[in-house]
Amino acid sequence: MRVFQGGKRLPLRSRITGTGSYAPENVLTNFDLEKKVDTSDEWITERTGIKERRIARDTETTSDLCLEASKKALQAAHLKPGEIELIIVATMSGDMPMPSTASLLQKKLHAKNAAAFDLNAACSGFLYGLSVADNFIKGGTFRKILLVGAEVMSKFIDWQDRSTCVLFGDGAGAVILEKTTGQRGILSTRLFSDGNLWDFICLPGGGSQYPPSSKTLKNKLHFIKMKGNETFKIAVRTLEKLVVDTLRKNNIKLSELAMLIPHQANLRIIKATAERLNLPMSKVAVNLERYGNTSSASIPIALDEVVRKGRIKKNDYVLLEAFGAGLTWASALIRW
Ligand code: ACO
């Protein structure tokens with residue numbers, strides 16, 4: 001690795017050297033949902049842009065999805081599991097409260113030299129994880145990190161609640177981050193939260209506030225609740241400002257941006273953000289019509305797709321942004 005160029009020390013960075021993704025085989029279409037709840041393909045398509053989502057089998061867990069995505073990312077980075085020094089899994093739907101899904105993934109992957117922990121920032125989880133991994137690498141603690149965003153949302157959804165069950169899907173996306181020097185890599189990450197609005201999106205049951213009991217089951221507290229419309233309005237306003245501020249702080253013009261990879265919650269949020277920014281949709285990665293909202297998995301799945309399709313090239317500026325429960329929001333600017 002070159003550390004100096006022209007007598008000057010090159011900046012130490014982390015760089016994504018491999019990506020991978022996985023989604024369960026089982027596809028649930030809007031037409032399938034029409035048979036379960038009072039909804040229609042027309043409503044779901046118009047209000048969200050989603051056409052279908054993937055649903056894990058009863059026996060399939062979040063760490064199983066992580067494993068498949070991680071194997072592909074390792075292969076793309078030409079690394080063996082034993083070379084990984086840290087595994088971070090961003091998830092709000094892990095296999096169990098304890099141990100972490102990252103520890104279960106470490107076992108399944110035979111990544112015997114890796115430390116492991118989970119991180120929960122809901123839909124912003126992957127970008128929070130990217131920031132943590134980037135800082136661990138820049139600080140010199142680890143050189144090779146596996147970061148996965150993975151969710152089995154389908155097991156935390158009330159399949160009788162039409163306002164939430166049409167939105168979410170299951171999947172996993174993984175990246176390998178490695179130490180590098182030079183201009184390419186993660187240029188900046190920005191993290192935000194407003195806990196005052198915690199009840200906009202929450203899953204209240206099963207923790208220390210409402211431990212599992214027959215009452216929490218009866219009151220359906222183990223399912224996701226969302227104030228969709230209120231969340232929608234704040235998301236659009238916040239994401240526009242987030243993108244503008246991230247570019248400004250890094251002295252990058254919007255016209256220099258090769259690709260925006262937004263969290264895939266709702267096509268209307270994505271289009272409204274692009275419109276407010278004056279960014280053509282050809283520069284925005286969209287795949288939610290096939291996966292729905294996979295929370296922390298949505299950005300790494302979309303990233304893996306654009307990488308494998310060759311839609312981003314060496315030295316391109318790529319901006320990732322997310323908004324979700326917490327409330328939390330986050331961005332990352334990458335020079336690919
Ligand atoms: N089918 C048919 N009708 C429905 C459905 C459905 N599946 N769901 C709701 N409706 C009805 C409502 O009952 C309501 O009827 P009413 O006017 O008679 O009361 C009407 O449709 C409009 O409901 P709204 O909730 O106002 O619909 P909206 O246009 O806001 O769309 C949606 C709802 C899709 C949830 C949208 O608000 C949204 O995407 N919100 C943001 C979600 C988000 O970004 N979340 C953050 C990430 S998630 C995380 O962190 C885990």
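Reply: The model is a predicted one. Let us begin with asparagine 315, which has a relative accessibility of 34%.

Me: Why is asparagine 315 called partly exposed?

Reply: Buried requires under 20% relative accessible area and exposed requires over 50%. Asparagine 315 has 34%, and therefore counts as partly exposed. Asparagine 315 is found in the loop between helix H11 (298-308) and strand E14 (317-324). Its phi is near 75°, a positive value in a residue other than glycine.

Me: Is aspartate 58 called buried or exposed, and why?

Reply: Exposed means over 50% relative accessible area, and aspartate 58 has 77%, so aspartate 58 is exposed. The loop that holds aspartate 58 runs between strand E5 (52-54) and helix H3 (62-77). Aspartate 58 and lysine 155 are 97 residues apart along the chain, and their C-alpha atoms are separated by 8.6 Å.

Me: Which term applies to glycine 228, and why?

Reply: Glycine 228 has a relative accessible area of 31%; that value falls between 20% and 50%, and therefore glycine 228 is partly exposed. Glycine 228 is found in helix H8 (residues 228-249). A separation of 8.1 Å lies between its C-alpha atom and that of isoleucine 201, a residue 27 positions away along the chain.

Me: How do you know which peptide bond at proline 99 is cis?

Reply: The bond from methionine 98 to proline 99 has omega near 0° and is cis. Proline 99 lies in the loop between strand E6 (86-90) and helix H4 (101-109). A cis peptide bond also joins glycine 326 and leucine 327, with omega of about -10°. Leucine 327 belongs to the loop between strand E14 (317-324) and strand E15 (328-335).

Me: What makes a space in this structure a cavity, and how many of 30 Å³ or more are there?

Reply: A cavity is a set of points where a 1.4 Å probe fits but cannot get out. The structure holds one cavity of 30 Å³ or more. The largest cavity has about 40 Å³ of space.

Me: How do you know which residues line the largest cavity, and of what kinds are they?

Reply: Lining residues have an atom within 4 Å of a point of the cavity. Those of the largest cavity are Arg15, Ile16, Arg184, Gly185, Ile334, Arg335 and Trp336. Three are nonpolar, one is polar and three are charged.

Me: What makes domain 1 and domain 2 parts in contact?

Reply: The domain assignment gives domain 1 (2-182) and domain 2 (187-335). Contact means heavy atoms within 4.5 Å, and 48 residues of domain 1 are in contact with 45 residues of domain 2. The two domains bury about 3,600 Å² between them, 62% of it on carbon and sulfur atoms. In domain 1, Cys123, Leu127 and Tyr128 lose the most area to domain 2, together 18% of what that side buries.

Note on methods. Residues numbered from 1 in each chain as written. Predicted model: local features only at pLDDT ≥ 70, side-chain atom pairs only at ≥ 80, totals over all residues. Heavy atoms only, no water. Helix = DSSP H or I, 4+ residues; strand = E, 2+ residues; numbered from the N terminus. Buried < 20%, exposed > 50% of the residue type's maximum accessible area, 1.4 Å probe, protein only. 1 Å grid on protein atoms, 1.4 Å probe; cavity = no way out; pocket = protein on both sides within 12 Å on 5 of 7 lines; lining within 4 Å. Points joined across faces, edges and corners; volume = space filled by probe spheres on them. Nonpolar A, V, L, I, M, F, W, Y, C, P; charged D, E, K, R; others polar. Domains from an automatic or database assignment. Buried area = accessible area lost by both parts, 1.4 Å probe.
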